[in-house]
Amino acid sequence: MAAKGAKIFKTKCSQCHTIEAGGAHKQGPNLHGVFGRTAGTADGFGYSGAVAGSGVVWDEKTMSEWLKAPKKFIKGTKMVFAGIKKDKERDPLIAYMKEASA
């Protein structure tokens, strides 16, 4: 499942995000260590007030809701991404992200 998720990350996420340890911020923040972290707290990235003040802690459930519809999950986000509506795409992506960001 993580291999499928890696392909999805490459096609849908890597233009704006890195996930490896020490990776640079791009248009979006580096995602290494994202699970268990409070949204809007990666050092060195300028988050919107909406994300920084959301109080969301990233786990499988919150990440799935975010990836499904970012602008509905945290109103006021600067993230320009329509979302991934299909569970069959989100689930392997989240599995990959958990593995790659640990």
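Reader: Hi! Before we start, what counts as a helix here?

Author: Hello! A helix is a DSSP run of H or I with at least four residues, and the numbering goes from the N terminus. Keep in mind that this is a predicted model.

Reader: Is Thr62 buried or exposed, and why?

Author: Thr62 is buried, because its relative accessible area is 17% and buried means under 20%.

Reader: Which residues does Thr62 touch?

Author: Leaving out residues up to four places away in sequence, Thr62 touches Val56, Val57 and Phe73.

Reader: And what about Met63? Which residues does that one touch?

Author: With residues up to four places away in sequence left out again, Met63 is in contact with Val34, Phe35, Trp58, Ile94 and Met97. Met63 also belongs to the largest nonpolar core, which has 19 residues. Phe9, Trp58, Met63, Trp66, Leu67, Leu93 and Met97 are the ones that touch the most other members.

Reader: Which elements give two or more residues to this core?

Author: Those are H1, H3 and helix H5 (87-100). H5 provides the largest share, with 4 residues.

Reader: Switching topic: what volume does the largest pocket have?

Author: About 580 Å³. Its lining has 31 residues, and His17, Gly28, Pro29, Trp66 and Met79 lie nearest the centre.

Reader: How do the lining residues divide into nonpolar, polar and charged?

Author: There are 17 nonpolar, 11 polar and 3 charged residues in the lining of the largest pocket.

Reader: Nice! Which element gives the most to that lining?

Author: H3 does, with 3 residues. Helix H1 (2-12) also supplies at least two.

Note on methods. Residues are numbered from 1 along each chain as its sequence is written. This is a predicted model: local features need pLDDT of at least 70, side-chain atom pairs count only at pLDDT 80 or more; totals for chains, interfaces and linings use all residues. Side-chain values use heavy atoms; hydrogens and water are left out. Buried means under 20% relative accessible area, exposed over 50%, partly exposed in between (1.4 Å probe, protein chains only). Contact means heavy atoms within 4.5 Å. On a 1 Å grid over the protein atoms alone, a cavity is a set of points where a 1.4 Å probe fits but cannot get out, and a pocket is an open set with protein on both sides within 12 Å along at least five of seven lines; lining residues have an atom within 4 Å of a point. Grid points are joined across faces, edges and corners, and a volume is the space filled by probe spheres set on the points. Ala, Val, Leu, Ile, Met, Phe, Trp, Tyr, Cys and Pro count as nonpolar, Asp, Glu, Lys and Arg as charged, and the others, Gly among them, as polar. A nonpolar core is a set of buried Ala, Val, Leu, Ile, Met, Phe, Trp, Tyr and Cys residues joined through side-chain atoms within 4.5 Å.
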